[in-house]
Amino acid sequence: MDKYTGKSFFGGIAVGRIQMFKKGRQEIKQIKSNDPEREIARFNEAREKAVEELENLYKKALKEVGKTNAAIFKIHQMMLNDINYTKSVEDFITNQGVTAEFAVAATRDNFHYMFSEMDNEYMQARSVDIRDVSERVIRILCNAKGSTMDSKIPSIIVADDLAPSETVQIDKDLILAFVTVHGSCNSHTAILARTMNIPAVIGADIPIDGSINGRMAIVDGYNGVIYIDPDSELVQKMQLKQEKELRKRSLLLKLKGKENVTLDGKKLMLYANIGNADDLASVIENDANGVGLFRSEFIYFEKNRFPTEEEQFQIYKTTAESLSGKKAVIRTLDIGADKQAGYFNLDREENPAMGLRAIRICLTNHEIFKTQLRALYRASAFGQIAIMYPFITSVEEVLEIKRISSEVKKELDEQKIFYRRDVEEGIMIETPAAALISDKLAKEVDFFSIGTNDLSQYAMAIDRQNSKADRFFNPHHLAVLRMIKMVVDNAHKNGIRAGICGELGSDLELTETFLKIGVDELSVSPSMILPLRDKIRKTDTSKIILEFDL
Ligand code: PEP
Ligand code: MG
């Protein structure tokens with residue numbers, strides 16, 4: 001038996017045969033051409049065909065993994081229509097007298113290099129996307145077949161790396177697990193695997209020379225381990241573990257409709273984090289108490305221009321109505337740092353995580369901010385909308401937000417547009433500055449939501465995008481836990497609620513601590529609602545002995 005390890009990206013156990021994924025890379029046979037016009041026409045024809053294929057993939061992904069995740073294929077279409085990209089290909093054709101396929105390959109290599117050299121890990125991950133779209137065009141130009149899978153039986157897919165389009169193209173019923181040698185947790189392939197509920201291990205030290213093709217294997221997605229030719233004892237053990245997990249899930253489904261209440265009667269609200277109105281189905285399916293964090297920036301990512309007030313209004317209205325009276329906390333635009341949309345034309349920054357991002361952009365460009373606020377207030381007439389402002393560091397910022405929002409409300413009044421006067425407005429506590437002055441901030445807002453993802457990165461000075469510093473990252477760092485306690489205490493002293501909407505909220509090892517601290521609400525990915533409800537219902541807070549020196 002051989003054992004290999006990688007990074008666990010999505011839990012679950014898979015037992016089956018290995019199927020190597022063959023990349024359909026094209027060898028370019030003809031390099032030179034003396035008919036540039038014809039080559040440019042061939043390129044544009046192939047590009048249009050590729051855009052059409054990507055639209056079909058988008059539709060397939062939409063059904064399988066939802067709008068937010070399918071959006072990558074819209075981005076791929078935009079890449080192919082990007083003027084810098086098309087111009088580069090055309091320049092190669094005209095200036096160097098080469099064929100369309102050679103010009104696309106040269107552009108692919110240049111752009112791939114440029115993206116992979118960027119400081120930002122998110123942008124680095126885009127280098128895979130540029131390769132993916134370019135290879136699609138080359139394949140069309142060469143009349144060749146795409147990447148393939150020989151087997152028609154469900155298998156463990158092993159690849160050097162998988163492009164998002166390859167991940168979605170494989171028939172879901174034929175995938176038991178994904179194992180890749182390359183790829184980051186941030187890559188869209190990894191995110192797609194998680195959304196498709198498929199065990200995934202990335203960065204595995206597994207050979208891809210074909211020697212393991214067809215061999216029996218076990219993928220332990222919980223621990224990031226792959227066993228090849230496992231003995232029957234291990235297969236049995238893993239199959240039992242797998243059955244146990246499935247039983248656990250069906251038991252959890254029985255908790256739908258029940259309260260999140262501890263054995264000694266303490267209640268906590270469990271909300272869901274979403275990025276799009278399409279995710280509302282899973283909020284309802286997992287019986288969340290509402291939406292605790294709607295990352296509204298995703299609405300901006302799906303477009304190649306600013307979404308209009310009307311477009312935003314429709315999305316917020318649908319959200320409010322779909323939740324039938326349950327609360328939807330919508331966070332205003334949190335763009336910048338790792339989340340970029342080209343049309344914002346933000347300057348390149350040395351330290352984007354500490355630069356012009358989130359509320360700082362809104363307070364710099366009132367037009368963008370006011371458009372979103374108008375849409376939000378208008379939607380408040382259709383359900384229980386609450387507004388949350390990200391990345392706050394001072395009381396002055398909150399006062400400035402209030403001034404702008406009262407201007408917006410005044411305009412709506414003048415135009416006789418109805419909105420609810422009692423819309424709750426809260427802030428994210430995701431900077432150490434906000435945590436340390438939470439006593440002052442609590443006097444200005446209706447609620448706090450602690451963004452532990454950013455709070456942790458700023459508290460420990462570890463870039464959340466940089467896996468190289470993983471070893472120094474302690475998700476249970478006392479500094480973060482102490483700040484959470486301080487924020488909750490300050491909220492309660494001032495009669496407001498405090499919740500957690502960062503990833504730490506779904507850490508079951510900390511649920512007891514959060515209950516003991518008195519956290520009022522947790523907002524987590526929809527699939528974590530029922531496991532948390534289960535944990536809460538089995539806890540007696542009077543018996544909790546805290547292991548942390550808070
Ligand atoms: C956070 O920082 O914890 C948070 C919830 O916001 P985001 O992850 O979108 O930055
Ligand atoms: Mg944040």
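Author: Arg136 is in contact with Ala50, Glu53, Leu54, Leu57, Ser165 and Gln169, its neighbours within four places in sequence being left aside. This is a predicted model, in which local features need pLDDT of at least 70 and side-chain atom pairs count only at pLDDT 80 or more, while totals for chains, interfaces and linings use all residues. Residues are numbered from 1 along each chain as its sequence is written, chains are lettered from A and ligands numbered from 1 in the order in which they are written, and side-chain values use heavy atoms, with hydrogens and water left out.

Reader: What makes Glu53 a contact of Arg136?

Author: Contact means heavy atoms within 4.5 Å. Glu53 is listed among the residues in contact with Arg136.

Reader: Does Arg136 count as buried or exposed, and how do you know?

Author: Buried means under 20% relative accessible area, exposed over 50%, and partly exposed in between, with a 1.4 Å probe and protein chains only. The relative accessibility of Arg136 is 5%, so the residue counts as buried. Arg136 belongs to helix α4 (residues 121–141); helices (H or I, at least four residues) and strands (E, at least two) are DSSP runs, numbered from the N terminus.

Reader: Which class does Asp229 fall into, and why?

Author: The relative accessible area of Asp229 is 34%, so this residue is partly exposed. Asp229 sits in the loop between β8 (225–228) and α7 (232–253). Although not a glycine, Asp229 has a positive phi of about 50°.

Reader: Where is Ala461, and which class does this residue belong to?

Author: Ala461 is placed in the loop between α16 and α17. Its relative accessibility is 69%, so Ala461 counts as exposed. Ala461, again not a glycine, has a positive phi of about 55°.

Reader: Why is helix α16 called largely enclosed?

Author: Helix α16 (residues 452–460) has 9 residues and 8 of them are buried, so the rest of the structure largely encloses this helix. The buried ones are Thr452, Asn453, Asp454, Leu455, Ser456, Gln457, Tyr458 and Met460. They pack against β10 (290–295), α14 (432–436), β14, α17 and β15.

Reader: What makes the link between the side chains of Tyr458 and Arg357 a polar contact?

Author: A polar contact is a pair of N or O atoms within 3.5 Å; within protein, one must be able to donate a hydrogen and the other to accept it, and residues adjacent in sequence count only if both atoms are side-chain atoms. The link between the side chains of Tyr458 and Arg357 is 3.0 Å, so it is within that limit.

Reader: How do you know which residues lie around ligand 1?

Author: A residue is near a molecule or strand if one of its heavy atoms lies within 4 Å of it. There are 14 residues around ligand 1, and Arg295, Arg331, Gly451, Asn453 and Arg464 come nearest. An oxygen atom of ligand 1 lies 2.7 Å from a backbone N or O atom of Asn453. A backbone N or O atom of Gly451 is 3.3 Å from an oxygen atom of the ligand. For Arg464, a polar side-chain atom lies 2.7 Å from an oxygen atom of ligand 1. The protein covers 99% of the 290 Å² of accessible area that ligand 1 has on its own; accessible areas come from the Shrake-Rupley method with a 1.4 Å probe, and for residues only the protein chains shown count as cover.

Reader: What makes β15 and β16 a pair?

Author: Two strands pair if DSSP finds at least two bridges between them. Strand β15 (residues 497–500) is joined to strand β16 (residues 521–524) by 2 bridges, so the pair meets that condition, and the strands run parallel. Gly499 stands opposite Glu521 in β16, and Ile500 opposite Leu522. Strands β14 and β15 are parallel and joined by 4 bridges, with Ser449 opposite Gly499.

Reader: Which strands form the closed barrel?

Author: The closed barrel has 8 strands with parallel pairing, in the order β9-β10-β11-β12-β13-β14-β15-β16. On average, neighbouring strands of this sheet are turned by 25° against each other, direction ignored. Helix α17 (residues 478–493) packs on the sheet and touches β13 (424–429), β14 (447–450) and β15, its direction making about 170° with that of β14. Axes are lines fitted to C-alpha atoms, for helices over the stretch in contact, and angles run from 0 to 180 degrees between N-to-C directions.
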